[in-house]
Amino acid sequence: MSKSESNQPRIPSIGETKGVGNDPREQLEDTADPPGKIWFRDLDEAVIEADRCVQCASCVAACPSDSIGIDAEEKRPTLVRMCTGCSRCWDFCPRSGLRYERVNSLLEDERGLEEPELYAARASGETAAAGQDGGVVTALLASLLEAGEIDGAIVATESETEPLGGEAVLATSREELLAAGGSIYTQTMGLGQIDELLAEADLEPSEADLAFVGTPCMIQGATALDRYGHEPADPIALTIALMCTRSFEQERLHSQIESFGVDPAAVEKIDIADGALSAFDTDGETLLETDVSEFDAAGLRGCDECTDFVGAGADISAGNVGSEDGYSTLVVRTEAGKDAWNIAEDGLESHAIDRPAAHERITDWNDRRAQSIMPRAYDPAGSVGISYDEHREVYDETDREPQPLNPARVHQYEEWC
Ligand SMILES: Cc1cc2nc3c(=O)[nH]c(=O)nc-3n(C[C@H](O)[C@H](O)[C@H](O)COP(=O)(O)OP(=O)(O)OC[C@H]3O[C@@H](n4cnc5c(N)ncnc54)[C@H](O)[C@@H]3O)c2cc1C
Ligand code: SF4
Ligand code: SF4
């Protein structure tokens, strides 16, 4: 059954426990339209089939009945059992029901530090060599593990079977962190795999303290789940956002690399800095260097609507813009982030960020670009929740409007929605 066939009030999800009362309207923080059931098929049509999904896996994590799984081949959320129409997948999706800029602005007021602190920093030795830029994220996580502050960190490694494909891993030792160092320019959907990763590591969700590293959209989902008291976020003690203007769709990334006469399997590392994309082999030899705009068509189309370059809701953000080569730029934003920085700082070489204006410029540029593309209004003061009807009102009849379900999946929905 699709949404249009039901007028029943849906189970409110946003605002269940933290800071707001129990009234559904209040919980939805003044969403303009009355809530109705929203099914996963509505999200599928509005986001996934419309080629707007950014593979953050917030919907997978948010589903209370574990009805959404990950289609590993297509790298997309998919229904794996009966959908109850509870709407949480919609509510936590940053491309549909979640006004992430509102959550970020609420978190800004709650962060504890008066102003974010910006550093340029680098690790040394094998940690620096393992990292993408200064190896600071790896060094920081290793310090927290060794200090007993976390039991592990959800990070990314390259898939053994699919070159340049990202896989989420839970690293519980320095060695595993070193092996996972560096940037993967495809999404891992790690937010939707926390329970499985904990089980593999023999850790209890209720007892584990984890660091969670991800692109800003993954952090948007994780921080919203946490702020509104949803279980999947419970083990996350620290969030680290990797600054990001876009991620890539794996097959399109392969094709684009091949179009330069380069075998994707030979690429050991990709680097994106100062508007250029470079690919290197295992000896560090440059295989390809070009303007990053050559790879526009390989980017996830939903990234065009993302205003959140820095991952403003994270405890710490890490990037390279604004720092010299070989350094990472770090933004420490919350007390949890500051505590982590204090523990790691001694093992790092650090100073104030070299070019704060460059950092601000790319943040503003990304913001303006996304606002010019996204059909909905960017509104940090608006309601957290965006209703289905509100979404349709502004997305219908644009090039980002909902698309019919893939016929191959229709039978699934007939059975489960
Ligand atoms: C898709 C993407 C786009 C980016 N774009 C920019 C940009 O435009 N400008 C900019 O300044 N910085 C960008 N970055 C961040 C940059 O590439 C580095 O990650 C950052 O500077 C930290 O470097 P480091 O050496 O301190 O981190 P490292 O020590 O290399 O640690 C990075 C950690 O992040 C984990 N990780 C890597 N990729 C992913 C992923 N896809 N999902 C989840 N975890 C992951 C690794 O496993 C590792 O634990 C981007 C990163 C990604 C993944
Ligand atoms: S953008 Fe994220 S939350 Fe939305 S459908 Fe895709 S994976 Fe799910
Ligand atoms: S640009 Fe935004 S939406 Fe795309 S991967 Fe990066 S953080 Fe996610």
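Mentor: A pocket here is an open set of points on a 1 Å grid over the protein atoms alone, where a 1.4 Å probe fits and protein lies on both sides within 12 Å along at least five of seven lines; lining residues have an atom within 4 Å of a point. The model is predicted, so local features need pLDDT of at least 70 and side-chain atom pairs pLDDT 80 or more, while totals for chains, interfaces and linings use all residues, and side-chain values use heavy atoms, without hydrogens and water. Residues are numbered from 1 along each chain as written, with chains lettered from A and ligands numbered from 1 in written order.

Two or more lining residues come from each of α5 (100–110), β3 (112–122), α10 (216–227), β7 (236–242), β12 (328–334), α12 (335–344) and α13 (356–373). Helices (H or I, at least four residues) and strands (E, at least two) are DSSP runs counted from the N terminus. The largest contribution to this lining, seven residues, is from α5. The volume of the pocket is about 870 Å³, taken as the space filled by probe spheres on grid points joined across faces, edges and corners.

By class, 17 residues of the lining are nonpolar, nine polar and 13 charged (nonpolar: Ala, Val, Leu, Ile, Met, Phe, Trp, Tyr, Cys and Pro; charged: Asp, Glu, Lys and Arg; polar: the others, Gly among them). Domain 1 (3–105 + 377–416) and domain 2 (110–371) each supply at least three lining residues, with bounds from an automatic or database domain assignment.

Four bridges hold β3 and β13 in an antiparallel pair, where Tyr 119 faces Ala 352 of β13.

Another open sheet has three strands in the order β8-β9-β10, paired antiparallel. Here β8 (269–273) and β10 (286–291) are the edges, each with a single partner strand, so one side of each has no neighbour in the sheet. Its neighbouring strands are turned by 15° against each other on average, direction ignored. β8 is joined to β9 (residues 276–280) by five bridges, and Ile 270 has Ala 279 in β9 as its bridge partner.

β1 (residues 68–71) and β2 (residues 76–79) make an antiparallel pair with four bridges, in which Gly 69 is opposite Thr 78 of β2. They form a hairpin with four residues between them, and Lys 75 in the turn has a positive phi of about 50°.

As for the ligands, 13 residues surround ligand 2, the closest being Cys 53, Cys 56, Ala 57, Cys 59 and Cys 93 (near means a heavy atom within 4 Å). In this shell, eleven residues are nonpolar, two polar and none charged. α2 (40–48) and α3 (58–62) each give at least two residues, and α2 has the largest share, with three. The shell around ligand 3 includes Arg 95, Gln 187, Cys 217, Arg 246 and Cys 303, and by class it has six nonpolar, three polar and two charged residues.

Terms used: Pairing = 2+ DSSP bridges. Axes fitted to C-alpha atoms, helices over the stretch in contact; angles between N-to-C directions.
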